[in-house]
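I set out to record what I looked up in this structure, entry by entry. The structure itself comes before my notes.

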Amino acid sequence: MRRAAILLGLPLSALVLGAALLSLVWTPGDVTALDIPARLQPPSSAHWLGTDHFGRDLLSMVMVGARASLMVALVAVGLGLLLGVPLGLAAASRAGGPLDELVMRTNDLIFAFPSLVIAILITALAGPGALNAILAIGIFNIPVFARVTRGAALPLWRRDFILAARLAGKHRSRISAEHILPNLIPLLIVQGTIQISLGILAEAGLSYVGLGAQPPLPSWGRMLAEAQTMVALAPHVALVPGAAILLSVLGLNLLGDGLRDHLDPRLRPARA
Amino acid sequence: MMGYLLKRLASLAVSLLAASLVIFLVVEVAPGDPASFMLGMNARPDTVAALRAELGLDLPVHLRYLDWLGGMLTGDFGISYTYRTPVAQMVADRLAVSLPLAAGALALSTLIALPAGLIAAARRGRAPDMAVMGATQLGIALPNFWLALLLVLLFALKLHWLPAGGFPGWEDPAAALRALILPATALALPQAAILARVLRSALLDILAEEFIRTARAKGLSRGQALLRHGLRNALIPVLTILGLQFSFLLAGAIIIEQVFFLPGLGRLIFQAITQRDLIVVESVVLLLVFAVIVVNFLTDLAYAAADPRLRHRR
């Protein structure tokens, strides 16, 4: 199971990342050039995935769309890591203290907000666009990483090597940075993978309602929204971006699951 | 139990107060003045000022906050800037669509997830388990608005079994229900995938318990032991997820309502945001957050009632 998850997840994730990177230097067609006579063509040798209602090459659009999706999701997860991990470490280093209490209650509060509604609120009020989408998704990554970090750091503080470091007179924040954090890296990688996949879904949702990356830069969600009115005429226009979202999220989830099982021996399936 | 209850009630009140403050501030600092938005670009400054006074927007921020909060507590959610109707009435109208939609999606996801989770746990590591786990992986990765589009393509455009969108109103209950089938399915399938996974892992934890071993030793098969003794114990984590899902379905339907042109709460928020109808935005978002916090609170209480150890934690 674990093998299969990584074997399937890794190439899928690599494919999406590769397509996004390749689109920086090369795409089969020009995503800004309109070619109305060639609109809504089914997949062919000239256009591997067909064309949209403006005659644009769908493969090129999916490749450039991968860039927008990944960029928003990666930076949003980076924001969550950058703020959430130090908060979680600080909370764990003084477990039960006022800082811990403040961090955890603020987390509870953010968790109580329906994330999609707040993301829509932020992007709609602050103006649609990739940057505000990053902020809106990133805010909800902060408590996730803070909680995961705190939860994993707490038991470490009772371990002998940490007690030794404290006896040696090291400050709590230095112990957190030098001894606790390195032990959490695998866990954070796994959580990061899952959060990137959630970020891709959230970005797709936001750009579907017109609040994500703005034209002319294609995004998967907006491609789907535009395809909605012509789904009866040319189903492939709706199938292609949806499949791109599905495969990238599936790939990252499988990779995350496989990595988690690989890194945590307790989760390896025991013979029942 | 009494002390625990009081402590939890106090933290509930603090959460709600903090949530209301956050929502108010987010909406207040947002660019765009509702009065100038309503009157358009060419409005004269004195007309805008008069409308601001009429809407109460010229009052100091803290007074407006207290006014709004007091209203929310007494069931007066204010008057919509755009439609000039009470927000409470608008919310009630929209709930007539959103509530049945969320309830239908929840029921459907439970109907799918319960047997799937049970089968996967009972046949752990075998073909049925692999099939369920594979299907749930797909379900979790499936964007619900894309699934909605696929369902429309198949059941509305190709087979002509169900409407592709719109809502006829409850005067014709059969037509109203038909209009909700595809949106509820699109919402339910990804949720069912999550629920089935939670149920499977809860059941697998319980299978390792001694009372299951005793039941097996008495001659029950793995499946029988699961059904008679395991399922009830596994329901606690499942109920938590169900409770959370309901509030999120209510809010998460925002995009699905957009796909199917349903006049629900999600569409109301979306329209209100684009029209700068801030009072509607504030009130509806606070109601949704309120629902989530209260459901969390009730789940905590149910847990504490079921498991005395939890009352003394934290």
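I worked from a predicted model, in which local features need pLDDT of at least 70, side-chain atom pairs count only at pLDDT 80 or more, and totals for chains, interfaces and linings use all residues. Residues are numbered from 1 along each chain as its sequence is written, chains are lettered from A in the order in which they are written, and side-chain values use heavy atoms, without hydrogens and water.

**Annotated spans.** I found that an unreviewed UniProt entry annotates "transmembrane region" at several spans of chain B, including 99-122 and 134-157; such annotations may be inferred rather than shown by experiment. I looked up residues 99-122 of chain B: the span is 100% helix, and its end C-alpha atoms lie 34 Å apart. Residues 134-157 of chain B are 92% helix and 0% strand, with end C-alpha atoms 29 Å apart. Helices are DSSP runs (H or I, at least four residues).

**Aromatic rings.** I counted 6 aromatic pairs over all chains, taking rings of Phe, Tyr and Trp (its six-membered ring) with centres within 6.5 Å. Phe155(B) is partly exposed at 22% relative accessible area, and Trp161(B) is exposed at 52% (buried is under 20%, exposed over 50%, partly exposed in between, with a 1.4 Å probe and protein chains only). I also noted one aromatic cluster of Phe24(B), Tyr65(B) and Trp68(B).

Key. Helix = DSSP H or I, 4+ residues; strand = E, 2+ residues; numbered from the N terminus. Phe/Tyr/Trp six-rings, centres within 6.5 Å; stacked < 30°, edge-to-face > 60°.
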